[in-house]
Every structure is written in structure tokens, then in C-alpha cells.
Amino acid sequence: MTTHLYENPVFLKHEVPEGHPERPDRLKALNLALEHPNFADLERLEASKGDENLVLLAHTEEHLLGIKRDIPDEDINQIESDTYASPQSLEAALTGIGGAVAAVDAVFAGEADNAFVAARPPGHHAEKNRAMGFCFFNNVAIAARYAQTAHGAERVAIVDWDVHHGNGTQDIFWDDPSVLFCSTHQIPLYPGTGAKDETGVRNNVVNAPLSPNSGSEHFRDAFRSRVLPALENFRPDFLLISAGFDAHHRDPLAQINLVGEDFDWATGRLLDVAGRSAGNRIVSLLEGGYDLQGLAESAGLHILRLMRG
């Protein structure tokens with residue numbers, strides 16, 4: 001397998017208040033893990049800043065203009081209850097989008113089988129017209145729309161295993177049968193969405209909520225019983241992953257007790273799906289994961305499985 005990783009130093013310059021969990025140290029911890037010889041063959045590329053018009057693939061112009069107004073000239077500005085912007089946050093967010101569309105281009109051109117975008121801020125809580133949950137723009141939704149508009153993808157599947165439900169992604173694709181959204185997440189927990197009966201207007205939303213203190217067995221059972229059958233029925237021609245690693249047992253923001261091997265296992269199952277219907281095309285985008293050790297371990301195993309196929 002050929003795997004691309006998209007990164008950029010500007011992701012470290014999206015600053016948040018001291019003590020905020022979505023901090024630059026997250027990427028520093030991942031970069032340290034990637035120094036291991038196991039990752040010698042990983043092709044690491046610098047993400048370029050995406051065009052602002054890409055935001056409009058998934059968001060309203062009002063939302064884009066609102067984010068631009070909220071970017072401060074100095075210091076840090078609170079734009080939503082737990083979402084903050086600093087002077088280079090817009091550049092970081094647009095570069096995350098640039099990395100996402102570059103990854104999509106690479107897998108459709110056959111330059112890579114799959115890709116991982118190591119960007120921040122994350123994206124899956126951003127709704128069509130609302131920033132929330134540390135997120136400005138919904139990177140995975142933009143990547144899905146881009147695959148459709150630029151590469152003719154007809155059936156795009158998004159699998160979100162972040163411990164927090166991807167309410168923004170669900171909002172954007174609620175009534176779109178060309179996109180299947182599958183999510184495992186803890187309930188009750190922020191943002192309070194993601195019940196099993198939330199199925200979308202066209203039954204294209206599959207939620208598999210997990211109770212607090214669930215572990216590997218419950219997570220894997222949710223994958224086997226709900227996520228994988230939905231993917232097999234849908235037969236996606238492109239697969240995206242909202243790869244949050246905050247369901248790790250060390251994470252401070254939730255109570256799901258996964259270990260790194262669970263993310264390795266789930267990645268393997270999605271590689272199988274992509275191999276059967278999507279020409280191996282997978283793009284994975286970093287979402288949450290707030291314990292540095294848990295993030296480095298889990299993301300490292302995820303990327304290594306992408307590399308090994």
C-alpha cells in the first residue's frame with residue numbers, strides 16, 4: 001500500500017487558551033510517534049492552503065463570512081462556547097481543507113492507495129451554518145463533496161469513530177442518499193445527538209451509540225452489527241474516516257475504554273470494504289483525541305495499518 005500523510009507547520013499555530021484539550025501538543029505527540037522506523041516508507045507531504053470556495057461545498061457563505069469576521073488580529077477570540085480562534089486559525093483551517101482535497105486527488109489519481117490528514121482544528125462538529133465543538137469547517141464533509149464534484153464519486157461513505165457524535169456531518173448529509181454516514185460514539189455525551197433512531201431522511205445515517213464504560217467488545221460488536229453491514233449494502237466507491245482517537249481508555253473527555261489495537265482492527269475492516277468496492281480508496285482525517293499518549297499510540301497504529309493494507 002502507498003500511504004500519503006498531509007501535514008503543515010501552520011496546524012501548530014492555531015492557538016487555544018492554556019488548558020484547552022485541542023492543543024498544538026496533539027500534533028507534536030503524533031509527530032514524535034511517526035519518528036519510529038515503522039513509518040520510514042510513509043510519504044509525508046506538506047498540505048497547501050485550500051481555496052475559500054471549497055468551504056462552500058458543505059457550508060453556507062454566511063458561515064464562511066462569520067468565521068472570517070471572528071478571526072482576531074491578535075490574542076485569542078472565543079467564537080463559540082468551547083471554540084476559539086487565534087490570528088492564524090483561518091489559515092490553519094483552510095490548510096486542513098487543502099490537505100483533505102489533495103488527499104482525495106491523490107487516491108483518485110492512483111498516486112496513493114490511501115491517505116491520512118494530520119490537521120487541526122478538527123471538523124466533524126461543524127454544521128452547515130455553525131461552528132462548534134472546536135471545529136470551524138467540516139473537513140470530511142468538504143472532502144466527500146469534493147470527491148463527488150471533482151472526481152465523479154457516486155457513493156461516498158463516511159465512518160466516524162470519534163467518541164463524540166459527528167453532528168455536523170450528520171446535519172450536512174441528513175437528506176442526501178449519495179452519502180452514507182456511520183458513527184460509533186458515546187451516549188450520553190456532547191453534543192447530545194446520535195441516537196439509533198436518527199437515520200436521515202433517506203436512511204443514509206447509521207448511528208451505533210455506546211454506553212459509558214463500554215470497551216473493545218462493545219465497540220467491535222457495534223462495528224460488526226451496524227456499521228459493516230451498512231457499508232456492504234451501500235457499496236461505496238470512496239471511503240472517508242473521521243478518525244478521532246478519544247474513545248481510548250486514557251482520554252479525559254469520555255468514558256469509553258478502547259485500546260490502540262481496536263483502531264488497528266477497525267482500520268483493517270474498512271480497508272477490506274474499500275478493497276471490495278472502492279478500489280482501495282480511503283482518506284482518513286484526524287478529529288479528536290486529547291490524551292497525548294493515547295492519541296500517539298492509536299493514530300500510529302491506524303496509520304501503520306493503512307500503510308500495510
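Analyst: A residue counts as buried under 20% relative accessible area, as exposed over 50%, and as partly exposed in between. The structure is a predicted model.

User: Is asparagine 280 buried, partly exposed or exposed?
Analyst: Asparagine 280 lies in the loop between helix 7 and strand 10. Its relative accessible area is 26%. Buried requires a value under 20% and exposed a value over 50%, so asparagine 280 is partly exposed.

User: What is the phi value of asparagine 280?
Analyst: Most residues other than glycine have a negative phi. Asparagine 280 is not a glycine, yet its phi is positive, at about 70°.

User: In which loop is arginine 235 found, and what is its relative accessible area?
Analyst: Arginine 235 is another residue other than glycine with a positive phi, near 50°. It is found in the loop between helix 6 (216–234) and strand 9. Arginine 235 is partly exposed, and its relative accessible area is 42%.

User: Which residues does the cis peptide bond with omega of about 5° at proline 188 join?
Analyst: Most peptide bonds are trans. Proline 188 lies in the loop between strand 7 (179–186) and strand 8 (205–210). The cis bond there joins isoleucine 187 and proline 188.

User: What is omega for the peptide bond from tyrosine 190 to proline 191?
Analyst: Proline 191 has its place in the loop between strand 7 and strand 8. The bond from tyrosine 190 to proline 191 is cis, with omega near 5°.

User: Are helix 7 and helix 8 roughly parallel or roughly antiparallel?
Analyst: The axes of helix 7 (residues 260–277) and helix 8 (residues 292–308) come within 8 Å and cross at roughly 30°. Angles under 35 degrees count as roughly parallel, so helix 7 and helix 8 are roughly parallel.

User: How many nonpolar, polar and charged residues are in the contact of helix 7 with helix 8?
Analyst: Helix 7 passes helix 8 in a right-handed crossing. Gly260, Glu261, Phe263, Asp264, Thr267, Gly268 and Leu271 of helix 7 meet Glu297, Ser298, Leu301, His302, Arg305 and Leu306 of helix 8. By class, this contact of helix 7 with helix 8 has four nonpolar, five polar and four charged residues.

User: What span should helix 8 have, and how far apart are its end C-alpha atoms?
Analyst: Helix 8 has 17 residues, at 1.5 Å a residue.

User: Which elements do the buried residues of helix 8 pack against?
Analyst: The buried residues of helix 8 include Gly294, Leu295, Ala296, Ile303 and Leu304. These buried residues of helix 8 pack against strand 1 (3–7), helix 1 (25–33), strand 5 (114–117), strand 9 (238–243), helix 7 and strand 10 (282–286).

User: How many charged residues are in the contact of helix 6 with helix 7?
Analyst: The axes of helix 6 and helix 7 come within 11 Å and cross at roughly 10°. The two helices are therefore roughly parallel to each other. By class, the contact of helix 6 with helix 7 has eight nonpolar residues and one polar residue, and its charged residues number seven.

User: Are helix 3 and helix 4 roughly parallel or oblique?
Analyst: Helix 3 (residues 89–108) and helix 4 (residues 139–151) have axes that come within 9 Å and cross at roughly 40°. Roughly parallel requires an angle under 35 degrees, so helix 3 and helix 4 are oblique to each other.

User: Which residues of helix 4 make the contact with helix 3?
Analyst: Helix 3 passes helix 4 in a right-handed crossing. Helix 3 contributes Ala93, Gly96, Ile97, Ala100, Val101, Val104, Asp105 and Phe108. The residues of helix 4 are Asn139, Ile142, Ala143, Tyr146, Ala147 and His151.

User: Which residues are in contact with threonine 3, leaving aside its neighbours within four places in sequence?
Analyst: Threonine 3 is found in strand 1. It is buried, with a relative accessible area of 3%. Leaving aside those neighbours, threonine 3 is in contact with Leu42, Glu43, Asn114, Ala115, Leu306 and Met307.

Terms used:
Residues numbered from 1 in each chain as written. Predicted model: local features only at pLDDT ≥ 70, side-chain atom pairs only at ≥ 80, totals over all residues. Heavy atoms only, no water. Axes fitted to C-alpha atoms, helices over the stretch in contact; angles between N-to-C directions. Helix = DSSP H or I, 4+ residues; strand = E, 2+ residues; numbered from the N terminus. Parallel < 35°, antiparallel > 145°, perpendicular 65-115°, else oblique. Left-handed = near helix turned anticlockwise from the far one by under 90°. Contact = heavy atoms within 4.5 Å. Nonpolar A, V, L, I, M, F, W, Y, C, P; charged D, E, K, R; others polar. Expected span 1.5 Å × (residues − 1). Buried < 20%, exposed > 50% of the residue type's maximum accessible area, 1.4 Å probe, protein only.
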